[in-house]
Amino acid sequence: MSDGFDRAPGAGRGRSRGLGRGGGGPEGGGFPNGAPAERARHQPPPQPKAPGFLQPPPLRQPRTAPPPGAQCEVPVSPQRPSRPGALPEQTRPLRAPPSSQDKIPQQNSESAMAKPQVVVAPVLMSKLSVNAPEFYPSGYSSNYTESYEDGCEDYPTLSEYVQDFLNHLTEQPGSFETEIEQFAETLNGCVTTDDALQELVELIYQQATSIPNFSYMGARLCNYLSHHLTISPQSGNFRQLLLQRCRTEYEVKDQAAKGDEVTRKRFHAFVLFLGELYLNLEIKGTNGQVTRADILQVGLRELLNALFSNPMDDNLICAVKLLKLTGSVLEDAWKEKGKMDMEEIIQRIENVVLDANCSRDVKQMLLKLVELRSSNWGRVHATSTYREATPENDPNYFMNEPTFYTSDGVPFTAADPDYQEKYQELLEREDFFPDYEENGTDLSGAGDPYLDDIDDEMDPEIEEAYEKFCLESERKRKQ
């Protein structure tokens, strides 16, 4: 019994292993102070540990899609002790228990590590179908003309048909020439009342004044419809109703030029549309001549007065745009009537530049406009009728003639009367030059009095220099 206590208490115990059954603890039924000496002596010596830890099994390849019939899995993490601020169990997201096939066998307590499971998103069933209609971006049509061949029967109302066509012209202005005829024919079958014609005028006017890029196209459309719409009710034809609508806006020009920013912006759009109408709206006379609407000419003059009477920056910019657009045509029309209206407008511009409190950029625009008008609005006079060019009527008559130089280095051509005889002599001598090719081959033949004077021998000084050059080259080559 005494032999069992000749060792230190606790000797022979493992540090990392827990006490098993029959261990040294009281619960195992062993001795309280350690194992008996005989058992300790007869225990085999501890085996040396392998270098490194136990290697876990290789990782499973990730799954990109769940197998048929498999359920969606979520990662499982080991339980952790609660910490301050952690969510209560009721509010934490639920975790699915790991399946038996995903468990990793544990070698011991040291190598037991929690491995998160692979999350596989559920596969959503697509609602796309191969029989679905073909997709087109908004405003696109492979053959837009076909949509108007059936007329406005496919549209609930006339206004929707007209508005659709106006939007189409806004997006594709190049289709005007190919589709306007069909559009006019459709309107002749649909517009049969005064109210329908009035609605058509209002739609075109609103499109032309609300979209800046449509003012020119709207004026062309109005000109075409004024000549091709057959309806002419008692209230007036298309052109008359259009001018009445413009007059309604024209009568409030003074208030609009002084109004707020939104009112002035709408007024400026009306002014520019009226300028496009003046340039594009044609009125055929009884004799077939085509003229412009004089009423629009008078209206543009008054609109310019309203703009210059309220010299705000946006009003002045609108006036500059209008004069750049119609200035040349207006001035020609006023000159035919003996009026000096353009001179008065230019004078008002100069007064605005001197007195008005507009920005420097706007003043520069006004000065550039005055400069443009002084150059006849950038127009170039037409060339005179063709006549044969002579040194007397064409200053560039001698431009393509060859130029020669005297022995003193003074250039002369046929335009110099003092050198006429010498110039003619050189021209006669020049006729011999084409007889030589680029390599100097003589093609003129024997007996040429000019070429017989040419000496093929070198000048003595040049010959001596050439021989010296050859000797020096030979010496350097041998070195």
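**Start with the confidence colours**

This is a predicted model, so colour the protein chain by pLDDT: the mean is 74, and 56% of the residues reach 70 or more.

Now pick residues 13–40. The pLDDT is below 50 over this stretch, and in the model it has 27 contacts beyond near neighbours in sequence. Residues 96–112 come next: here too the pLDDT is below 50, with 13 contacts beyond near neighbours in sequence.

**Aromatic pairs**

Switch to rings. The structure holds 4 aromatic pairs. Show Phe165 and Phe183: their ring centres are 3.9 Å apart and the planes meet at 5 degrees, so this pair counts as stacked. Phe165 belongs to helix α2 (residues 158–171) and Phe183 to helix α3 (residues 176–190), so the pair ties together parts 18 residues apart in sequence.

Are these two rings buried or exposed? Phe165 has 1% relative accessibility and counts as buried; Phe183, also at 1%, is buried as well.

Go back to helix α8 and select Phe267 and Phe270. Their aromatic pair is tilted, with 6.5 Å from centre to centre and 35 degrees between the planes. Both residues lie in α8, 3 residues apart, or about one turn of the helix. Phe267 and Phe270 are both buried.

**Charges over rings**

Which charged end sits over the ring of Tyr250? Show Lys253: its charged end is 4.2 Å from the centre of that ring. For another example, select Tyr278 and Arg292, where Arg292 lies over the face of Tyr278, 5.9 Å from the ring centre.

**Into the core**

Last stop: the largest nonpolar core, which has 75 residues. Select Leu187, Leu225, Phe238 and Ile349, the members that touch the most other members. Then show helix α10 (residues 313–336), which gives the most to this core, with 10 residues. As general background, nonpolar side chains in soluble globular proteins tend to be buried together.

Leaving aside residues up to four places away in sequence, Ile349 touches Phe308, Leu323, Leu366, Leu369 and Val370.

Note on methods
Residues are numbered from 1 along each chain as its sequence is written. This is a predicted model: local features need pLDDT of at least 70, side-chain atom pairs count only at pLDDT 80 or more; totals for chains, interfaces and linings use all residues. Side-chain values use heavy atoms; hydrogens and water are left out. pLDDT is the predictor's confidence in each residue, from 0 to 100. Contact means heavy atoms within 4.5 Å. Rings of Phe, Tyr and Trp (its six-membered ring) pair if their centres lie within 6.5 Å; planes under 30 degrees apart count as stacked, over 60 as edge-to-face and the rest as tilted. Helices (H or I, at least four residues) and strands (E, at least two) are DSSP runs, numbered from the N terminus. Buried means under 20% relative accessible area, exposed over 50%, partly exposed in between (1.4 Å probe, protein chains only). A charge sits over a ring if NZ of Lys or CZ of Arg is within 6 Å of the ring centre and within 35 degrees of the ring normal. A nonpolar core is a set of buried Ala, Val, Leu, Ile, Met, Phe, Trp, Tyr and Cys residues joined through side-chain atoms within 4.5 Å.
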